Amino acid sequence: MKRALLFMSLVVPLNTASSQSFSPPQPPSWQLVAWMPGEVRCGGTAIAAAGVRRPFTAIRWGTGHATPAAATYRFRIDAAGRPLSIRREGMAAPWSEDVAPSLAASRFAAGAPQADCTIRYTLRATPPEETPVGDLISYSLTPQSGKLPPDGWARIQSPTASCLAEPRPRPLVAAYPNFDTLPATPGVKHWTMVAYDQDSRGRPIHVRTTQGTGSAALDRAAVRAMRKSRFTGGATTGCLYPYWRAPITLAAPEPPAQDALRPVDGNCPHSDDWTTPPTLRYPAAYQRRAIEGWAVVAFDVASWGELGNLRVLASEPTADFGEQAIHVLRSARKPASATGRSGCVDRVIFKMGYGGFPPAEDPA
């Protein structure tokens, strides 16, 4: 077969009308998509939205997707200015996993509780050459759709930088701030990008911040830490290094008493008699922002112990916790009984553990 293919390639005529020219395959195109928060209205009146957090961005490969241009969310604002009871209108839009969590991490003016609030998000999709550099850095630190492609990194890194030339500098002493002493925001990840050059002895010089979320304390601590670091490789220019302060936990509002929502005509007293206990699976978008939540779920139990007719009675701070609670309970089983049970109610508590991970035990 190899000889036949070789023979055919030799007899194709050159410089004729039937000749074909071949181009190397082009890398697939991509865009950075961002759901941009817009006007907030409560009871039909526009209110200030300065404290609304932007959702994390994502990557869309290709440009031929039919994507909704807008998405609307409903919520209320409590007396502390916290958005609660967040619900999406209609079907979920692509790349919108962080919209509800980002709204849950937002804040409005305290002392003015509001009901019947809406916010409209519009989709912004930009190719890498038009995307703000800060958005590219932010995506690289919290990637939602795989690693940032090389042409995205090319926008971040200066074309004249020698820091990427081989052999690249390697850390000998890597200093970091004491992040626990820095101010933190519930549900919000703060970051700063530090730029520096390096002298012949591997000491960072000309250390400065170039992009970030505006945390002055983190900026100062990052610059101090970089000045204490040491590297191999001799004199270089245009080096970059990011530091970030993880969000601290945004606790859920107090859940109602479990029996408060129990149907009066039910025959299912509360008990923890599971033959297959529920396994807590924390919703990833909320774990990323360290946001806690809860849901109260009602269900019936068949005589053989299977749960059915699952429905959410209440959930906070968003409806996503109710949807996740349904998934948590769907695979659980109760003991078999002669008649089954109806009107069962259980709470599923989603609680962050030490280090930003859910606890090992199931708090359902």
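**View 1. Cys-268 and Cys-344, a buried pair joined by a disulfide.** In this predicted model, Cys-268 is buried, and Cys-344 is buried too. The two residues form a disulfide, and their sulfur atoms lie 2.0 Å apart.

**View 2. Cys-163 and Cys-239, a disulfide between a loop and a strand.** Here the sulfur atoms of Cys-163 and Cys-239 are 2.1 Å apart, and the two residues form a disulfide. Distant parts of the chain are linked by this pair: Cys-163 sits in the loop between α4 (150–156) and β7 (171–173), while Cys-239 belongs to strand β11 (residues 236–245), 76 residues apart. With a torsion of about 100° around the S-S bond of Cys-163 and Cys-239, the disulfide is right-handed. Are these cysteines buried or exposed? Cys-163 has a relative accessible area of 11%, so Cys-163 is buried. Cys-239 is buried as well, because its relative accessible area is 1%. Both values can be set against the cut-off, since buried means under 20% relative accessible area.

**View 3. Cys-42 and Cys-117, a disulfide between two strands.** Cys-42 and Cys-117 form a disulfide with their sulfur atoms 2.0 Å from each other. Which strands does this pair link? Cys-42 is found in strand β1 (residues 30–42) and Cys-117 in strand β6 (residues 114–126), distant parts of the chain that put the partners 75 residues apart. The S-S torsion of Cys-42 and Cys-117 is about 110°, so this disulfide is right-handed. Cys-42 counts as buried because its relative accessibility is 5%. For Cys-117 the relative accessible area is 1%, so this residue is buried.

**View 4. The disulfides of the whole structure together.** How many disulfides does a search of the whole structure find? The search finds three. To follow the pairing, step back and number the bonded cysteines of the protein in sequence order: the pattern then reads 1-2, 3-4, 5-6. Among these bonds is the disulfide of Cys-42 and Cys-117, and another joins Cys-163 to Cys-239. Cys-268 and Cys-344, shown in the opening view, form a disulfide as well.

Note on methods: Residues are numbered from 1 along each chain as its sequence is written. This is a predicted model: local features need pLDDT of at least 70, side-chain atom pairs count only at pLDDT 80 or more; totals for chains, interfaces and linings use all residues. Side-chain values use heavy atoms; hydrogens and water are left out. A disulfide is a pair of cysteine sulfur atoms within 2.5 Å. Helices (H or I, at least four residues) and strands (E, at least two) are DSSP runs, numbered from the N terminus. Buried means under 20% relative accessible area, exposed over 50%, partly exposed in between (1.4 Å probe, protein chains only).
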